[in-house]
Amino acid sequence: MQKYLLTPGKTVGIRTATIVLANDCLQQRNIAPIELATSKESHQTDPDPYEGGRRYGPIVRADILTYGYHLPPEWFGKAAPTPKMSAQQEAAMDGPSGCLAVSQRELLGSHTLDSPVARQISSKSFVESLEDPEVKAVTADWSACMTKKGYSYKSPLQALSKADLKMPRASAQELRIAAADYSCKVSTDLISTWQNVETKIQKDEIAKHLPQLRKADAQRAAIMAKAEKIIDQGA
């Protein structure tokens, strides 16, 4: 479903284009524009290796050994600088008739970047995969592997849910459990098995909703192309 889901890489430029439009709005109201880099280079980013998310828990070995179940810094990508605004700018940006809302309506119109159908399929396939006999069997194998290592968990999701992610960093205990989790995933081939099952479910659902998914994809592409044009003209 990655092709049809809204991911960080598909929203590159939206934030910058919104500010460019907001600045036009501010200037029309005789308010100084917001200072923000808007060159073409400034809104381009490299493909995000974490776009696929942690659907089955963390699976990048180097990250697991360092961060356990906590999100690695790379997950957040290159953070865009937060524009500094004066009190006057903030007031003009706020509210349904504010420049932020005006710029968003101009960029998006009545459309949305997201695809509700894609999200529904993604959620449905995950829930259904949990009840698949093949996934249940490999999860049992993973659980048995973890038991041998001294940890009692029924599934990788349970292990993840038990981690204290409110702490600023992983404890030594969390690192040990996450490392064992990863090792058992590898030895049981859990990830590829689970992913193959869910992929099959998603392909069946995609076939049923292909026209809707393609329409949403084309709509998002048109919005992104519009954002690129706005940035180039406003740079």
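**View 1. Y56, F126 and W194 are linked into a cluster by ring pairs.** Rings of Phe, Tyr and Trp (for Trp the six-membered ring) are paired if their centres lie within 6.5 Å, with planes under 30 degrees apart counted as stacked, over 60 as edge-to-face and the rest as tilted. This is a predicted model, in which local features need pLDDT of at least 70 and side-chain atom pairs count only at pLDDT 80 or more, whereas totals for chains, interfaces and linings use all residues. Residues are numbered from 1 along each chain as its sequence is written, and side-chain values use heavy atoms, with hydrogens and water left out.

**View 2. Y56 and W194 form a tilted aromatic pair.** Their ring centres are 4.5 Å apart, with 45 degrees between the planes. Y56 lies in the loop between helix 1 (14-28) and helix 2 (61-67) and W194 in helix 9, so the pair ties together parts that are 138 residues apart in sequence; helices are DSSP runs of H or I with at least four residues, numbered from the N terminus. Both Y56 and W194 are buried, a term that stands for under 20% relative accessible area with a 1.4 Å probe and protein chains only.

**View 3. The rings of F126 and W194 are stacked.** The centres of these two rings are 5.7 Å apart and their planes are at 25 degrees. Because F126 lies in helix 5 (residues 116-130) and W194 in helix 9, this pair ties together parts that are 68 residues apart in sequence. F126 counts as buried at 18% relative accessibility, and W194 is buried with a relative accessible area of 2%.

**View 4. Helix 5 and helix 9 cross at roughly 150 degrees.** Their axes, which are lines fitted to C-alpha atoms over the stretch in contact, come within 9 Å. The helices are therefore roughly antiparallel, a description given to angles over 145 degrees on a scale that runs from 0 to 180 degrees between N-to-C directions. Residues of helix 5 including V117, I121 and F126 meet residues of helix 9, among them W194, V197 and I201.

**View 5. The largest nonpolar core has 23 residues.** Such a core is a set of buried Ala, Val, Leu, Ile, Met, Phe, Trp, Tyr and Cys residues joined through side-chain atoms within 4.5 Å. Y69, W142, M146 and Y153 have the most contacts inside this core, to which helix 6 (133-148), helix 7 (156-162), helix 8 (172-188) and helix 9 (190-234) each supply at least two residues. Apart from it lies another core, of 11 residues, including A17, L21, L107 and I231.

Methods. Buried < 20%, exposed > 50% of the residue type's maximum accessible area, 1.4 Å probe, protein only. Parallel < 35°, antiparallel > 145°, perpendicular 65-115°, else oblique. Contact = heavy atoms within 4.5 Å.
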